Amino acid sequence: MKQIQGLILFLLISLFATAEDGKHPALNTAEKANYLTPLEKDVIYEINLFRSNPARYAEQYIEPLARYYDKKILHYPGDRSIQTMEGVRALNECVRDLKKASPQALMYPSKELSQAARKHQKDQQKTGKTGHTGSDGSNMRQRVEKFGKWQVRIGENIAYGNSSARQIVIFLLIDDGVKDRGHRATLLHPAFKLVGVACGLHPVYETMCVMDFAGGMAE
């Protein structure tokens, strides 16, 4: 049943013409979210591009990166080289997993979730810390609940040191060095329908991007 639903979703998306900027309008759910930066909108688009067809995304955008590994160093094309923990093994495992994954519903931007993500991003921009705990001791749930009431479930992904939306999403999907592949699981979770994104500077890793997810939000 899930495979049939995924096929229907993919066929519907394929009916839309590609816009001048190369984006499928059906996937560009954040286009009119004026509280997001262009990069933050691109992150949501990239998540939707992935979720609409995980297998094709893996084949088209992740699998080709395997040739750029030199032991545990990934010479990312067009960008700086990255020291990984697992090397190409993590990428290959990711590709196998995504080729078996079912398409999921598109995600839509949430102003409230973006405010929660922005609070954490601005905090770590000052402190230089990483992780999901704020300098005031707050956790993701406490930050989200400052701006609204979440529904079903919530989750948070944070990426450090990436320069583009595609790189952000790909690195979270590969999840190098994360034993339970929790970032990948969050991006694939069928319960998540809304996402808030906040990308900015980080004093140690130069850049960071916080993504807060929820099944729904009430102000």
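How many bridges join β1 to strand β2, and in which sense do the two run? The count is 2, and the strands run antiparallel. This comes from a predicted model.

## Three-stranded sheet

β1, β2 and β3 form an open sheet, in the order β1-β2-β3. The pairing is antiparallel. β1 spans residues 69-70 and β3 spans 82-83. These are the edge strands, and each pairs on one side only.

Strand β2 covers residues 73-74.

## Four-stranded sheet

A further open sheet has 4 strands, ordered β4-β6-β7-β5. Here the pairing is mixed. β4 (108-109) and β5 (149-160) are at the edges. Each has a single partner strand, so one of its sides has no neighbour in the sheet.

Strands β6 (residues 194-202) and β7 (residues 206-218) are joined by 9 bridges. They pair in the antiparallel sense. Within this pairing, G200 has M208 of β7 as its bridge partner.

Helix α5, residues 111-127, lies across β4, β5, β6 and β7. It runs at about 20° to β6.

Helix α7, residues 165-174, also packs on the sheet. α7 touches β5 and β7. Its direction makes about 100° with that of β5.

Technical notes
Residues are numbered from 1 along each chain as its sequence is written. This is a predicted model: local features need pLDDT of at least 70, side-chain atom pairs count only at pLDDT 80 or more; totals for chains, interfaces and linings use all residues. Side-chain values use heavy atoms; hydrogens and water are left out. Two strands pair if DSSP finds at least two bridges between them. Contact means heavy atoms within 4.5 Å. Axes are lines fitted to C-alpha atoms, for helices over the stretch in contact, and angles run from 0 to 180 degrees between N-to-C directions.
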